[in-house]
Amino acid sequence: MDSLSFRNQQLAKRVELLQEELAVSEAKGKKGKSKADSPSQHGLETQCVFDEDLQKKIEENERLHIQFYEAGEQHRRQESELKTRLQELEKDSEQHQAVVGGLTTKYMETIERLQSDKARLEIKSQTLEREAKECRMRTEECQQQLRLSQSELNRQVKQSSSVIQEKVPFNDTKLIGYNSLNVPPHNRRHQLKARDVAGQALSFIQDLVAALLNFHSYTEQRVHIYPLDSSIEPISPLNQKYLHENAAYVRPLEDSFLHLHQSITEDTVTVLETVVKLKSFADNFSSYTHFLQKILPYQLKSLEEECDTPLCTAALTAKNQELQSDMKRVTSVFEKMQSYINLLALPSVRQDAMPQSSTSAVFTQLAACLHSLHDAIKEMSKHYNQKASLEQELPTITQKLCTTTECLLGSLGSLTSSTGKIATFFSNNLDFFTSSGYSPRGSTLALNPLQAESMLANKKKAAAYISAVKKARPQSVPYSDALSNRRVLTSSTESREGLSQQVQQSQDKIARLEQEKEHWLLEAQLGKVRLEKENQRIADLEAQLAAAQGGSLNSPPAAASTPVQSQEEAEMEPSAGEREATLCTSLVGDEESRETLIKTHYMARVGELTTQLQISDSKAVHFHSECRALAKRLAIAEKSRETLTEEIKLATQKITRLQDELATTKRSYEDQLSMMSDHLCSMNETLSKQREEIDTLKLGSKGNAKKNKGR
């Protein structure tokens, strides 16, 4: 730039000189024009050509100066912009490097911790694998023992079967007239299963009854609130009787099934022919079905009244129509269930009412009806939810109606859940319901009550016989087992007796030491009390002695000495008697204080033991609560560990993404710097070309000037 400005100044000076020379030459030309017009004409033309060429060169020089100046300004501006941008990018890079460094240190610590956790878990997994191998080995051993036991049992079964076939000639199944004697054995496993199934069904029936009561009650409340509020306007007489007696029909279902469950015990025979309480449950279910049929018109009429209100929209009307169809469907399903339950209760009233194949078909159809009931109530709950959401948009909706609707939706939800549980429970136990737990051997007929009574009588007789046999003769064991049991019993008895003796001796020693401790503590307290009393008595005697000595100093001297001594001796005698009385009193007081101290000591001991007991109870409660808190903390720690694991995964992904972004940024910065370097190189080449052109112009202008001078 400096050299260019210097050359520009030289060119400007050169142009000024050329202009001055031109002016001088023009003046000389004017003077010599008159002298030689014809010879100078050619020189003037040549001068004009040089002037035009010089003017063009000057203009081109100015244009090049302007372009060079603009290029320099643009270069400086771009350079400053690139420098500022480079500084900003360097700052951003430093910030990114700091963030990446912090994250790297943080995640390196996390990785180290996770690696330690991984090592610990690997150790734990190896331990579990070893335990699993041991468990597999034990399982194989158990399976081998099971196979041996099964083979032994099969052998015993075959042997017993052969003995029964050879030694038991009585077989009444071939003679149809004596089938009443063929009584099946009592199936205790079937009875336990029947009681368990009845208990589960009772819990489901209780949930169903509670849900039905809530549904009918909240439906009644809704009818009394909407579309007309019974507290403000009178409602229709149909709705006044709506669902008023629902508890009288719903509660007997639970009570009758409870009686049915109580009638099924381990000592009874549970088949359809002997379950008499099933008839009362079927009657109560029929009553409830008739009640549903009776209230169905009231329900439909209530929904029609809601549709007749002026604020009822088309969507609400459609939902009310869907609810009407749902209620009809639920009532029809209950009617079907009533028919099937009555069929199941029929064998307990009339014998040979239904064969076993028909019973299985009835149970299957009842299971299908339960699933249909669940689907119908589920649809009704869905439509009620949609209706409630539409009613929320009405302007006349009240808080009381909203609360009642929410309670009604909750009862529908519980009703859906209870019906689904009942349907699933019935389907899962359908094989048990359709199987015949009791049937005479060689007969396909069902068990009658007479055979059931005979079975129970035989069971009682067998139990009495077995108990008598056990009392009369103890159960024998193999000789080798008896020897091993005797050795184990002897060693365990000796060790037990030795340990019992040691424990007893230790307890006796502890009790004796406690007694001695109590005795010596009591003696120490008594000695302390006696010492205090003796110190008190000595202090009193010293005070009396001091008082007596002071009195003798103040008595008259010599003349009355003898009477005085005799008087003092006389006074000393009563004082000795007083000392004896005081000693007796002190002994009596010692006995009383001894009893008081013993009582106080034992009361204090009882208080200490009570305090220790309370402290132990409080510690136990505290430890229990602390254990529960630790268990909760352990669960929370497990959850937090899982959460931290997920966070570490996300952080690792974030680090990878940031590293990719950093690499991309570095590449972009390098590309920009390379572009800037290329641009600077191109600018330098342009400047060198311009300098060469300027030098060429200068040389050309010098040559023109020399030619002009020569001319």
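Leaving aside its neighbours within four places in sequence, with which residues is Thr416 in contact? Select Thr416 and display its surroundings: apart from those sequence neighbours, Thr416 is in contact with His374, Ile377, Lys378 and Ser381, where contact means heavy atoms within 4.5 Å.

Two remarks on the basis of the tour are required here. The model is predicted, so that local features need pLDDT of at least 70 and side-chain atom pairs count only at pLDDT 80 or more, while totals for chains, interfaces and linings use all residues. Residues are numbered from 1 along each chain as its sequence is written, and side-chain values use heavy atoms, with hydrogens and water left out.

**The whole chain**

Colour the chain by secondary structure. It contains 13 helices and zero strands; helices (H or I, at least four residues) and strands (E, at least two) are DSSP runs, numbered from the N terminus. Of the 711 residues of the chain, 23% count as buried, buried being under 20% relative accessible area, exposed over 50% and partly exposed in between, with a 1.4 Å probe and protein chains only. Among the contacts in the chain with a separation of 6 or more, 87% are between residues 24 or more positions apart.

**Thr416 and helix H9**

Return to Thr416, which is found in helix H9. Thr416 has a relative accessible area of 13% and is therefore buried. Its side chain reaches the backbone oxygen of Leu412 at 2.8 Å. This is a polar contact, that is, a pair of N or O atoms within 3.5 Å; within protein, one must be able to donate a hydrogen and the other to accept it, and residues adjacent in sequence count only if both atoms are side-chain atoms.

**Helix H3 against H9**

Next, select H9 as residues 399–428 together with H3. The two helices pack at an angle of about 155 degrees, with their axes 8 Å apart. Axes are lines fitted to C-alpha atoms, for helices over the stretch in contact, and angles run from 0 to 180 degrees between N-to-C directions. H3 and H9 are therefore roughly antiparallel to each other, given that angles over 145 degrees count as roughly antiparallel, under 35 as roughly parallel, 65 to 115 as roughly perpendicular and the rest as oblique. The crossing of H3 and H9 is left-handed, meaning that the near helix is turned anticlockwise from the far one by less than a right angle; if clockwise, a crossing is right-handed. By class, the contact of H3 with H9 has 16 nonpolar, ten polar and four charged residues. In this scheme Ala, Val, Leu, Ile, Met, Phe, Trp, Tyr, Cys and Pro count as nonpolar, Asp, Glu, Lys and Arg as charged, and the others, Gly among them, as polar.

Within H3 (residues 188–225), pick Ala210. At 38% relative accessibility, Ala210 counts as partly exposed.

The contact of H3 with H5 has twelve nonpolar, seven polar and four charged residues.

H5 passes H6 in a left-handed crossing. Residues making this contact include Tyr249, Leu253 and Phe257 of H5 and Phe281, Phe285 and Tyr288 of H6. By class, the contact of H5 with H6 has eleven nonpolar, seven polar and two charged residues.

In the loop between H5 and H6, select Val269. Val269 counts as buried, at 7% relative accessibility. The C-alpha atoms of Val269 and Gln191 are 7.0 Å apart in space, and the two residues are 78 residues apart in sequence.

**Gln324 in helix H7**

Finally, select Gln324 in H7 (residues 314–345). Is Gln324 buried or exposed? Gln324 is buried, with a relative accessible area of 15%. A polar atom of the Gln324 side chain lies 3.3 Å from the backbone oxygen of Leu300. Neighbours within four places in sequence aside, Gln324 is in contact with Leu300, Leu303 and Glu304.
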